[in-house]
Amino acid sequence: MRSRAAVLLLGTIHFDRPDNGDLLHLRGVSMLTPDRQKQIEDALNVLSDFRPTKIMLESPSEHQQDLTREYAAYRAGKLTLTADERHQLGFRLASQNGLDDIQAVDWNQLIDGIPSLDQLRREKPEQFDEIIARETTRMQQMEQEFTELPLLSFLQKINTDGRVQEMHQTYLKLACLGESGMEWVSRYWYYRNLMIFKNILAGVTEPDERVMVIYGLAHVHLLRQFLTDCDEVTLLTLDDIM
């Protein structure tokens with residue numbers, strides 16, 4: 001059997017809780033406190049056991065040069081890291097493992113003719129609000145876990161098959177809300193994740209590579225499916241290295 005690159009896919013929340021179009025956000029706690037910084041350090045020490053040779057982040061692929069410059073500035077001591085998980089996990093893990101660069105693999109662009117979530121909310125207000133209410137309850141549970149658990153334990157918990165599937169089911173429910181829901185999920189959400197998958201595969205160039213992909217949890221179900229079904233890499237999860 002030919003050797004295949006190993007890809008470790010780690011789902012996470014957005015530590016700095018940006019206004020990036022996600023349905024809902026966790027409030028969470030500051031990742032820059034001494035306690036949280038120690039928790040990040042503990043998590044990075046475990047992730048380093050994977051011995052990554054490449055790290056890929058949820059950053060637009062067209063901004064690769066900006067990401068490269070930013071990471072170089074950090075390694076040169078000229079950049080103070082923000083709370084962003086790309087900084088706190090991606091940059092720090094790459095530096096800890098002596099990597100020269102980081103790869104941007106995200107795709108998130110407007111596509112003409114695809115309905116927005118606001119349009120879907122206007123067309124199916126009651127059904128849409130029911131989905132959001134269930135999602136809000138689930139996010140509140142996750143927020144409590146994020147507040148109470150050490151970071152590594154939290155990451156373990158949210159990367160289980162059941163939690164990853166729950167995230168994906170919200171998108172399937174949206175797809176069932178008439179034609180607009182189906183259009184948004186199939187022509188934007190699935191398309192976006194297929195583009196991310198394509199970018200990941202394009203960045204895997206050697207059979208002995210060990211690639212760490214750090215991404216928003218909502219993407220993990222589809223990315224796991226695509227990376228498994230393509231049969232080009234060996235897909236690993238956090239539990240595989242714990």
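**Entry 1: Val-213**

I started with Val-213, which lies in strand β4. Helices (H or I, at least four residues) and strands (E, at least two) are DSSP runs, numbered from the N terminus. I noted that this is a predicted model, in which local features need pLDDT of at least 70 and side-chain atom pairs count only at pLDDT 80 or more, while totals for chains, interfaces and linings use all residues. Residues are numbered from 1 along each chain as its sequence is written, and side-chain values use heavy atoms, with hydrogens and water left out.

Is Val-213 buried or exposed? I found Val-213 buried, because its relative accessibility is 0%. Buried means under 20% relative accessible area, exposed over 50%, and partly exposed in between (1.4 Å probe, protein chains only).

Next I listed contacts, meaning heavy atoms within 4.5 Å. Leaving aside neighbours within four places in sequence, Val-213 touches Val-7, Leu-8, Leu-9, Leu-10, Met-56 and Ile-200. I also checked Ala-133, which is 80 residues from Val-213 along the chain. The C-alpha atoms of these two are 30 Å apart.

**Entry 2: Ser-59**

I moved to strand β2, residues 54-60, and picked Ser-59. Ser-59 has a relative accessible area of 8%, so I wrote it down as buried. Beyond its neighbours within four places in sequence, Ser-59 is in contact with Leu-67, Arg-86, Ala-104, Val-105 and Asp-106.

**Entry 3: helix α3**

How many of the 12 residues of α3 are buried? I got nine, so α3 is mostly covered. Among them are Glu-85, His-87, Phe-91 and Ala-94. The cover over the buried residues includes β1 (6-12), α1, β2, α2 (64-75), α6 (151-158) and β4 (210-216).

I then checked the length of α3. The expected span of a helix is 1.5 Å times one less than its number of residues.

**Entry 4: α1 against α3**

Helix α1 (residues 34-47) packs on helix α3 (residues 85-96) at about 55°, with the axes 10 Å apart. Therefore α1 is oblique to α3. Axes are lines fitted to C-alpha atoms, for helices over the stretch in contact, and angles run from 0 to 180 degrees between N-to-C directions. Under 35 degrees counts as roughly parallel, over 145 as roughly antiparallel, 65 to 115 as roughly perpendicular, and the rest as oblique.

I noted the crossing of α1 and α3 as right-handed. A crossing is right-handed if the near helix is turned clockwise from the far one by less than a right angle, and left-handed if anticlockwise. The residues that meet include Ile-40 and Leu-44 in α1, and Leu-89 and Leu-93 in α3.

Helix α8 (residues 178-203) has 26 residues. From first C-alpha to last, α8 reaches 37 Å, close to the expected 38 Å. Where does α8 bend? I found a bend of about 25° at Tyr-191. The bend is the angle between axes fitted to the seven residues ending there and the seven starting there.

The axes of α8 and helix α9 (residues 220-229) come within 10 Å and cross at roughly 50°. So α8 and α9 are oblique to each other. Their contact includes Trp-189 and Phe-197 of α8, and Leu-223 and Phe-226 of α9.

Last, I looked at helix α7 (residues 161-175), which packs on α9 at about 110° with the axes 8 Å apart. That makes α7 roughly perpendicular to α9. Asp-161, Val-164, Gln-165 and His-168 of α7 make the contact with Val-220, His-221, Leu-222 and Arg-224 of α9.
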